[in-house]
Amino acid sequence: MIRHLVLFKLNEGVERDDPRVLEGEKAFQSLPDTISEIRFWELGWNLSDRPIAYDYAINSGFDDAEALRRYVEHPEHQAGVALWKEFATWVIADYPY
């Protein structure tokens, strides 16, 4: 199994209730319904107020690197990424577990 962890940081001046953020969150929430490669999926807003904390996280699981690649290339995933590019930056880590 491959873990795909993504941590998002909202751009300066962007708040969680921004309509773009709400649309982006909705797009990612729906991915398990449309992308069969997803085996595990959780996401949510960070609770920590520490300055090094990111704002939003997606923790997901895939059978193997090929399944992860298909997910990354899937049009629904790419559509969500396009939304988030407008108001956030992120880092990822992919590792076996």
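Student: Let's start with helix α1 (residues 19-29): which of its residues are buried?

Tutor: In helix α1, the buried residues are Val-21, Gly-24, Glu-25, Ala-27 and Phe-28. Buried here means under 20% relative accessible area, exposed means over 50%, and partly exposed is in between (1.4 Å probe, protein chains only). Helices (H or I, at least four residues) and strands (E, at least two) are DSSP runs, numbered from the N terminus.

Student: Where do those buried residues of α1 sit, seen down the axis?

Tutor: They fall within an arc of 160 degrees, so they line one face of the helix. That arc is taken from the directions from the helix axis to the C-beta atoms. On the face turned away from the buried side, α1 carries the exposed residues Pro-19 and Lys-26.

Student: Before I go on, what sort of model is this?

Tutor: This is a predicted model, in which local features need pLDDT of at least 70 and side-chain atom pairs count only at pLDDT 80 or more, while totals for chains, interfaces and linings use all residues. Residues are numbered from 1 along each chain as its sequence is written, and side-chain values use heavy atoms, with hydrogens and water left out.

Student: Thanks! Back to α1: what do its buried residues pack against?

Tutor: They pack against β1 (2-10), α2 (31-34), β2 (40-45), β3 (56-62) and α4 (75-84). Contact means heavy atoms within 4.5 Å.

Student: And which residue caps the N-terminal end of α1?

Tutor: That is Asp-18, with a side-chain oxygen 2.8 Å from the backbone nitrogen of Arg-20.

Student: Zooming out, how do the elements run from the N terminus on?

Tutor: The order is β-α-α-β-β-α-α-β, which comes to four helices and four strands.

Student: What about overall dimensions, say the radius of gyration?

Tutor: The radius of gyration is 13 Å, which agrees with the value near 13 Å for a compact globule of 97 residues. It is taken over C-alpha atoms, and the globule rule is 2.2 Å times the number of residues to the power 0.38. Along the principal axes, the C-alpha atoms fill a box of roughly 35 × 25 × 15 Å. Of the 97 residues, 35% count as buried.

Student: Among contacts between residues at least 6 apart in sequence, how many join residues at least 24 apart?

Tutor: The share is 72%.

Student: On to the core. Which residues touch the most other members of the largest nonpolar core?

Tutor: Phe-28, Tyr-71 and Trp-84 do, in a core of 21 residues. At least two residues of this core come from each of β1, α1, β3, α3 and α4, and β1 gives the largest share, four residues. A nonpolar core is a set of buried Ala, Val, Leu, Ile, Met, Phe, Trp, Tyr and Cys residues joined through side-chain atoms within 4.5 Å.

Student: What is Tyr-71 in contact with?

Tutor: Leaving aside neighbours within four places in sequence, Tyr-71 is in contact with His-4, Leu-31, Ile-35, Ile-38, Trp-41, Phe-62 and His-77.

Student: New topic: how many salt bridges does a search of the whole structure find?

Tutor: It finds five, a salt bridge being a side-chain nitrogen of Lys or Arg within 4 Å of a carboxyl oxygen of Asp or Glu. One of them joins Glu-37 and Arg-70 (3.0 Å, N to O). Glu-37 lies in the loop between α2 and β2 and Arg-70 in helix α3 (residues 65-73), so the pair ties together parts that are 33 residues apart in sequence.

Student: Are those two buried or partly exposed?

Tutor: Glu-37 is buried, at 15% relative accessibility, whereas Arg-70 is partly exposed, at 37%.

Student: Which salt bridges does Arg-69 make?

Tutor: Arg-69 meets Glu-66 at 2.7 Å, N to O, and Glu-73 with the closest N and O atoms 2.6 Å apart. Salt bridges that share partners join Glu-66, Arg-69 and Glu-73 into one network. Arg-69 and Glu-73 both lie in helix α3, four residues apart, about one turn of the helix.

Student: Last one: where is Asn-59, and what does its side chain meet in a polar contact?

Tutor: Asn-59 is in strand β3 and counts as buried at 17% relative accessibility. A polar contact of 3.2 Å joins its side chain to that of Arg-3. Such a contact is a pair of N or O atoms within 3.5 Å; within protein, one must be able to donate a hydrogen and the other to accept it, and residues adjacent in sequence count only if both atoms are side-chain atoms.
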